[in-house]
Amino acid sequence: MHPSTTDSPTPRIAALVHRQRMAVRRVLDGADDRLLVVAGPGPARDTAAALDYARQLAEAAIPYRGQLLVVLCAYPETADADHGRRFLLGALGTGLPQAIRCARPATALHVADLVAYGLVTARPATDPLHWRWAARVPVPVGCENVAGCGVDVAVAAILDANAHRTRLSRFPVAHPAAHLVLRGGPYRPEHDPASTTDALIRLRTAGLPPRLVLAVPGVDDLLRQRGVAVSVARQVAAGQRGVVGTVIGSFLHAGRQSTSVGYGVSTSGPCLGLPDTVSLLDTLAIAVERRRLRRR
């Protein structure tokens with residue numbers, strides 16, 4: 001599936017997306033010591049609320065530009081790829097880089113030229129189309145582990161995705177397609193320093209760059225989400241250079257709903273509200289500054 005000509009990005013937008021991708025890569029590669037923060041509800045039924053969230057998140061992120069690279073993960077919960085393109089083109093107006101989850105590979109390919117970051121979930125029987133998407137789009141792709149599959153399944157999926165990338169000559173091998181996003185299970189967060197170190201060792205043993213994005217788990221206990229987020233900040237402040245980013249479920253208001261009754265409440269998974277998200281951005285920015293002090 002190819003982008004609609006009526007919704008194709010202008011040269012100015014294409015240049016903007018390219019700069020955003022390069023910025024994300026620099027953070028993931030360690031050339032930029034800021035922290036990558038991917039925030040948003042993911043798929044959203046209420047696109048008006050999603051755009052409202054995007055504008056407010058962009059404004060909230062301004063004071064932290066020196067410490068954080070904030071990426072928006074919010075897009076229409078629909079199979080209508082043209083609608084998705086229109087939404088992403090509008091959201092790019094906030095200045096934030098865009099991220100999507102590859103739930104529908106064909107749809108994801110349709111909007112790939114507008115995004116700077118992608119997320120896929122590693123399962124033993126993951127649809128090969130997911131890796132085909134990860135290999136064909138010139139964006140960094142975070143590969144999440146899931147409860148019950150462990151880190152090794154995700155590491156194997158990363159190797160598979162990067163192998164696909166190297167076979168496509170028009171993409172430079174120097175920028176691998178995928179990296180690990182460590183997501184803990186419902187009762188074992190796996191974000192303690194020992195688990196982080198173990199995941200980094202597994203990556204290094206597999207011949208992959210020791211870089212790790214930690215995901216704040218999407219569970220019903222919002223207090224636990226805040227606790228895990230603070231744990232991420234503490235590891236960064238302690239000087240852990242292998243932690244290069246975090247993924248946060250976030251929307252205008254905290255919680256989760258099964259129908260689109262409440263404005264700005266997620267229907268795809270529990271999210272922190274924007275006030276808690278802004279507070280977390282402040283905590284993470286302070287952690288980055290403390291990590292910088294340790295390197296002096």
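Author: Buried here means under 20% relative accessible area, exposed means over 50%, and partly exposed lies in between, with a 1.4 Å probe and protein chains only. This is a predicted model, in which local features need pLDDT of at least 70 and side-chain atom pairs count only at pLDDT 80 or more, while totals for chains, interfaces and linings use all residues. Residues are numbered from 1 along each chain as its sequence is written, and side-chain values use heavy atoms, with hydrogens and water left out.

A salt bridge is a side-chain nitrogen of Lys or Arg within 4 Å of a carboxyl oxygen of Asp or Glu, and by this rule there are nine salt bridges. One of them joins Arg202 to Asp152, at 2.7 Å from N to O. Because Arg202 belongs to helix 7 and Asp152 to helix 6 (residues 150–166), this pair ties together parts that are 50 residues apart in sequence; helices (H or I, at least four residues) and strands (E, at least two) are DSSP runs, numbered from the N terminus. Arg202 is partly exposed at 32%, and Asp152 is likewise partly exposed, at 47%.

Another salt bridge connects Arg183 with Glu144, whose closest N and O atoms are 2.7 Å apart. This pair links distant parts of the chain, with Arg183 in the loop between strand 6 (178–182) and helix 7 (193–205) and Glu144 in strand 5 (residues 141–144), 39 residues apart. Arg183 has a relative accessible area of 18% and is therefore buried, and Glu144, at 3%, also counts as buried.
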